[in-house]
Amino acid sequence: SPSKNQLADMEFGHGIAKEISRLEIGQTVIVKTGTVLAVEGFEGTDDCLKRGGQLAGKDGGAVAVKVAKAHHDLRFDIPCLGKRTLETCATAGISGIAFETGSTLLLDPEDVESIAGRHNITVTAI
């Protein structure tokens, strides 16, 4: 379960992520203590996670929030969360990730759970 601070950042980040997705900018934001550190652009989720983790500093503690774009055609492109995303979070020092239920595909749940447990990363559906 997310800590109180992580949950607050995830809830704040969800609103920001929905807005940037509505504007067709990206699908992921990185937040730490109420401050948006990184917004996904054309570079994609992994690079956004790396940049946000770097900006969070050596103490880490940032969370990521991933949503589907508004009017996203899920027939052709489904936002995913899987092993690679969690490994990138671990390398970047991201302490939690929230993904949107009903529009994000969770790949290899056992691997995600294992990696999250090994690196103390909170994974939450919102």
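Residues are numbered from 1 along each chain as its sequence is written, and side-chain values use heavy atoms, with hydrogens and water left out. Because the model is predicted, local features need pLDDT of at least 70 and side-chain atom pairs count only at pLDDT 80 or more, while totals for chains, interfaces and linings use all residues.

**Helix H4**

Helices (H or I, at least four residues) and strands (E, at least two) are DSSP runs, numbered from the N terminus. Helix H4 spans residues 109–119, and its buried residues are Val112, Ile115 and Ala116. These cover an arc of only 100° around the axis, which puts them on the same side of H4; the arc is that of the directions from the helix axis to the C-beta atoms. Exposed on the other side of H4 are Glu110, Glu113, Gly117 and Arg118. Buried means under 20% relative accessible area, exposed over 50%, and partly exposed in between (1.4 Å probe, protein chains only). The elements that cover the buried residues of H4 include those in the table.

| Element | Residues |
|---|---|
| Strand E4 | 80–81 |
| Helix H3 | 83–92 |
| Strand E6 | 105–106 |
| Strand E7 | 122–125 |

Just after H4, Asn120 has a positive phi of about 55°.

**Nonpolar cores**

A nonpolar core is a set of buried Ala, Val, Leu, Ile, Met, Phe, Trp, Tyr and Cys residues joined through side-chain atoms within 4.5 Å. The largest has 18 residues, and Ile30, Leu49, Ala64, Leu86, Cys89 and Ile94 have the most contacts inside it. At least two residues of this core come from each of helix H2 (45–56), strand E3 (62–66), H3, strand E5 (94–99) and H4. A second, separate core of nine residues includes Ala17, Val29, Val31 and Val63.

**Helices H2 and H3**

The axes of H2 and H3 come within 8 Å and cross at roughly 20°. Axes are lines fitted to C-alpha atoms, for helices over the stretch in contact, and angles run from 0 to 180 degrees between N-to-C directions. H2 and H3 are therefore roughly parallel to each other, a term for angles under 35 degrees. The contact (heavy atoms within 4.5 Å) is made by Asp46, Leu49, Lys50, Gly53 and Gln54 of H2 and by Arg84, Thr85, Thr88, Cys89 and Ala92 of H3.

**Lys18**

Lys18 lies in helix H1 (residues 4–22) and is partly exposed, with a relative accessible area of 32%. Leaving aside its neighbours within four places in sequence, Lys18 is in contact with Val67, Ala68 and Glu100.

Key:
Angles under 35 degrees count as roughly parallel, over 145 as roughly antiparallel, 65 to 115 as roughly perpendicular and the rest as oblique.
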